[in-house]
Amino acid sequence: MSTSMENQGKPITTHDMVVVHRMFRREFREAAGRVRGVRHGSRAQVRLVADRVALLLDTLHHHHEVEDRLLWPKLAERAPGHRELWKRMQGQHADLAARLERADALLGPWTAGGASARGEELAAVLEQVSQAVGEHFDQEEREALPLVPAVVSQAEWDEIGDAASAALPKSTLLTVLGMILKDADPGEQILIMAHLPLAPRVIWRAVGERNFRRLEERLAAAVGHG
């Protein structure tokens, strides 16, 4: 298949993926500290931290599942000279999936015990995930993403973003959106919002952004930063 025929016109931008990666980097950097810092004995505060960690684990799982299904196979077929790179990306996904499963297995007992059980073990695993995530994203952004515009059409790239949004439960979509937009500049916000249907965009502007700020304040207070 001729990739040059596929991608006629304006080159696509992959910067929206970098914005999403930035969210994961920040959230995983903060996750272990939140687990260690939550005030023992307060079930509500433990639940706030546990919900954020669970959402983070689930969102990264969906993010990688979409890439494994809609991105890497296309690149392996259309850029055969880089097949070892695509295999390495998928292998890193598999390694991270095992770490995410371990963190999820520890999260339940930690939550049920009111932060008094398995906390340091959970925090240590989250630190390992954070390091692995950073190394994986560094390689992906340095080696893989620059190759994408030559072999993937805008419609195919949009499909990846749309599928990632669709994989999220509606009850958590606005929270994840807030997490992504937290460090985004105005241009990056436009890139991210473009993957959402009209209704979530309207809801975000009407109440979602305000509710997310309140959630952030409660989360900070739960770990002694408020």
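Start at Ile 203, which sits in helix H11, the stretch covering residues 198-222. What you're looking at is a predicted model, and its protein chain has 11 helices and 0 strands.

- Ile 203 counts as partly exposed because its relative accessible area is 41%, which falls between the 20% and 50% cut-offs.
- Setting aside neighbours within four places in sequence, Ile 203 is in contact with Leu 174 and Gly 208.
- For a sense of distance, take Ser 165: it is 38 residues from Ile 203 in sequence, and their C-alpha atoms are 15 Å apart in space.

**Thr 175, in helix H9**
- Thr 175 belongs to helix H9, which runs over residues 170-181.
- Once neighbours within four places in sequence are left out, the contacts of Thr 175 are Leu 55, Phe 212 and Leu 215.
- Thr 175 and Arg 213 are 38 residues apart along the chain, and 9.7 Å separates their C-alpha atoms.

**Ala 163, in helix H8**
- You'll find Ala 163 in helix H8, made up of residues 154-166.
- Ala 163 has a relative accessibility of 16%, so it counts as buried; the cut-off for that is under 20%.

**Ile 12, in a loop**
- Ile 12 is in the loop that links helix H1 (3-6) to helix H2 (15-37).
- Leaving out residues up to four places away in sequence, Ile 12 touches Val 148, Pro 149, Val 152, Ser 153, Gln 154 and Trp 157.
- Glu 84 lies 72 residues from Ile 12 in sequence, and the two are 24 Å apart in space, C-alpha to C-alpha.

**The chain as a whole**
- Read from the N terminus, the order of elements is α-α-α-α-α-α-α-α-α-α-α.
- A compact globule of 226 residues would have a radius of gyration near 17 Å, and the protein chain, at 19 Å, agrees with that.
- Along its principal axes, the C-alpha trace spans about 60 × 40 × 25 Å.
- Among contacts with a separation of 6 or more, 80% are between residues 24 or more positions apart.

**Surface and charge**
- How much of the chain is buried? Of its 226 residues, 48% count as buried.
- The accessible surface of the protein chain is about 11,100 Å², and carbon and sulfur atoms account for 55% of it.
- On the charge side, there are 29 positive and 32 negative side chains, and the centres of these two sets are 6 Å apart.

- The average pLDDT of the protein chain is 91, and 94% of the residues score at least 70.
- Over residues 1-8, though, the pLDDT is below 50; that stretch has 17 contacts in the model beyond near neighbours in sequence.

Note on methods. Residues are numbered from 1 along each chain as its sequence is written. Side-chain values use heavy atoms; hydrogens and water are left out. Helices (H or I, at least four residues) and strands (E, at least two) are DSSP runs, numbered from the N terminus. The radius of gyration is taken over C-alpha atoms; the globule rule is 2.2 Å times the number of residues to the power 0.38. Buried means under 20% relative accessible area, exposed over 50%, partly exposed in between (1.4 Å probe, protein chains only). Contact means heavy atoms within 4.5 Å. Accessible areas come from the Shrake-Rupley method with a 1.4 Å probe; for residues, only the protein chains shown count as cover. Lys and Arg count as positive and Asp and Glu as negative; His and the chain ends are not counted. The place of a charge is taken as NZ of Lys, CZ of Arg, CG of Asp or CD of Glu. pLDDT is the predictor's confidence in each residue, from 0 to 100.
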